[in-house]
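Here are my notes on the model, as numbered points. Please read them with the structure open.

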Amino acid sequence: MPAAAAATQPQPKLVIHVSHRTSPIFLGDLGLAEPQLVNAVSIDATVTGCRPGSHIQMTDAMWQDGRPLTRVEGSLAFGEYDCTSAGSFRFADEFTSPDIHPGKVRIRLTVTGGAARLDTKTSQATIPPRARSARTLRIQVNHRAAPIEVTDVNFWSDQPDFQPVTRVWVSASGCTPGAEVALYGSATQDGKRLDDWAGTHPGFGMTGCDEDGVARISQEFFGHDLHAGKLRVEFTAEEYGSNPIPPTSRTTQVRVPA
């Protein structure tokens, strides 16, 4: 093609096609170093009009009830994508807020790159109600806790904090194999609540449902006054996913051996 004809070709325009229905609310991880599990939703869009093989930059933002939502991965609202041979690519992102709920959200997407003109699109989407399964998780607690050991319980500092620690084993049956299950509890002794590390994450017991339909954790409880004898424990289990199981709780007693 002659250079003069090429120069007169119209500049391609990137066009954003936004899905107007987000995912149902699910459990996402907002933390960068330590896990921080939160309720979140995902959005998706398709961008057309790009030059195959070119690099495209995307920025995005979302609001609900006039308040900005936070991107789940905690990074800047920026991403780079490669245009496919079809002259398009798919974009997806995740957002969260402490008060996120089913209903309307406002989305703004901006795209540029690949020698194409900038396109910004602001539109509304709907967070659908989260379906609830009729199933119920069944919590089983091992009524014999681990013998007390003195352990450094300080995660966050170089200064050790040695306290008596015991461990309680818990399972929740009836979950969907492969699904994420929140399984965590609290314990009191002599009317005083103990501190704890909830399962696999500090402060939150998140685990997977095994192939046999059972989620399992062991949770540690500690306190300077912890001693052999009875503990009163309360555990809660909830499954997350496309058809989540509502939370269920169980309160019972376990014994810390001498």
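**Notes on the disulfides and the fold**

1. Counting bonded cysteines along the chain, the disulfides pair as 1-2, 3-4. There are two disulfides in the structure. Bear in mind that this is a predicted model.

2. Take the pair Cys 50 and Cys 83. Their disulfide has an S to S distance of 2.0 Å. The link is right-handed, with 80° about the S-S bond. Cys 50 sits in the loop between strand 3 (37–48) and strand 4 (55–64), and Cys 83 in the loop between strand 7 (79–82) and strand 8 (88–96), so the bond ties together parts 33 residues apart in sequence. Cys 50 and Cys 83 are both buried.

3. Next, Cys 175 and Cys 209. The sulfur atoms of this disulfide are 2.0 Å apart. It is right-handed, because the torsion about the S-S bond of Cys 175 and Cys 209 is about 85°. Cys 175 belongs to the loop between strand 13 (162–173) and strand 14 (180–189), while Cys 209 belongs to the loop between strand 17 (206–208) and strand 18 (214–222), so parts 34 residues apart in sequence are tied together. Cys 175 and Cys 209 are buried.

4. Now the chain as a whole. It has 20 strands and one helix. Of contacts between residues at least 6 apart in sequence, 71% join residues at least 24 apart.

5. Last, burial and surface. The chain has 258 residues, and 43% of them count as buried.

Terms used
Residues are numbered from 1 along each chain as its sequence is written. This is a predicted model: local features need pLDDT of at least 70, side-chain atom pairs count only at pLDDT 80 or more; totals for chains, interfaces and linings use all residues. Side-chain values use heavy atoms; hydrogens and water are left out. Helices (H or I, at least four residues) and strands (E, at least two) are DSSP runs, numbered from the N terminus. Buried means under 20% relative accessible area, exposed over 50%, partly exposed in between (1.4 Å probe, protein chains only). Contact means heavy atoms within 4.5 Å. A disulfide is a pair of cysteine sulfur atoms within 2.5 Å.
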